[in-house]
Amino acid sequence: MQPEALMLYKLIILYILDKVEFPLTQTQLTNFLLEKEYTNYFNIQQVLSELLEDKFVSCNIIRNSTYYEITTLGGESLSFFYNKISEPIRMDIDNFLKENKYSMREENSIRADYYETKKNEYMVSLKILERGNPIIDIGLSVPSELEAEILCNNWSKKSSEIYAHIFSSLTGDFD
């Protein structure tokens, strides 16, 4: 891959991450670059790997998803080379984010993960985040990995309903 193209792809990813206030999944970043046909999947993976290695982005892996955020160093680098991203590309990104930012935020605000604490005991962590801060954070201990997986899978479907129920129960009149 040409060094200029590699640098442009890095700047595009940094620009996208800089424009949102929440982490984006690898899939979300990849989808934009592939939809616009800027590059291919393998180049994107190389660029993400190099951005991580250079500490321009950080990542957090939760279950099967990798979440990326721009670092301070990445933000500084972007500010130095911002003008290397053409106006049409910036407009593409801005329009994409305008159309998809809300759905991407929603998609990333519901988190579920689990880990083994002892043999045959798992801790499940269920969260709803708003601007990176948990508005609900539930930890449950379950006796099997299967139950942990079921809880995590159902959390994305039922988290709003569960949050509303808990909130209503705790703030309601108990006379």
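Visitor: Which residues have the most contacts inside the largest nonpolar core?

Guide: In this predicted model, the largest nonpolar core has 30 residues. In soluble globular proteins, nonpolar side chains tend to be buried together. Those with the most contacts inside this core are Ile12, Ile13, Ile16, Leu24, Leu29, Phe32 and Ile93.

Visitor: Which helix supplies the largest share of this core?

Guide: At least two residues of the core come from each of α1 (3–19), α2 (26–35), α3 (41–53) and α5. The largest share amounts to nine residues, and the helix that supplies it is α1.

Visitor: How are α2 and α5 directed, roughly parallel or roughly antiparallel to each other?

Guide: Two packed helices are described by the angle between their axes and the distance between the axes. For α2 and α5, the axes come within 11 Å and cross at roughly 150°, and the crossing is right-handed. Gln28, Phe32 and Glu35 of α2 make the contact with Asp92, Ile93, Phe96, Met104, Glu107 and Asn108 of α5. Since angles over 145 degrees count as roughly antiparallel, the two helices α2 and α5 are therefore roughly antiparallel.

Visitor: Why is one side of β4 and of β6 left without a neighbour in the sheet?

Guide: The open sheet has three strands in the order β4-β5-β6, with antiparallel pairing. Because β4 (110–118) and β6 (133–142) stand at the edges, one side of each is left without a neighbour in the sheet, and what each of them has is a single partner strand.

Visitor: Which residue in the turn between β4 and β5 has a positive phi?

Guide: Strand β4 runs antiparallel to β5 (residues 121–130), and eight bridges join the two, with aspartate 113 standing opposite serine 125 in β5. The two strands form a hairpin with two residues between them, and the turn residue whose phi is positive, at about 60°, is asparagine 120.

Visitor: What angle does the direction of helix α6 make with that of β5?

Guide: Helix α5 (residues 87–109) packs on the sheet, where it touches β4 and β5, and its direction makes about 20° with that of β4. Helix α6 (residues 145–171) also packs on the sheet, touching β4, β5 and β6, and the angle between its direction and that of β5 is about 35°.

Note on methods. Residues numbered from 1 in each chain as written. Predicted model: local features only at pLDDT ≥ 70, side-chain atom pairs only at ≥ 80, totals over all residues. Heavy atoms only, no water. Pairing = 2+ DSSP bridges. Helix = DSSP H or I, 4+ residues; strand = E, 2+ residues; numbered from the N terminus. Contact = heavy atoms within 4.5 Å. Axes fitted to C-alpha atoms, helices over the stretch in contact; angles between N-to-C directions. Core = buried A, V, L, I, M, F, W, Y, C linked by side-chain atoms within 4.5 Å. Buried < 20%, exposed > 50% of the residue type's maximum accessible area, 1.4 Å probe, protein only. Parallel < 35°, antiparallel > 145°, perpendicular 65-115°, else oblique. Left-handed = near helix turned anticlockwise from the far one by under 90°.
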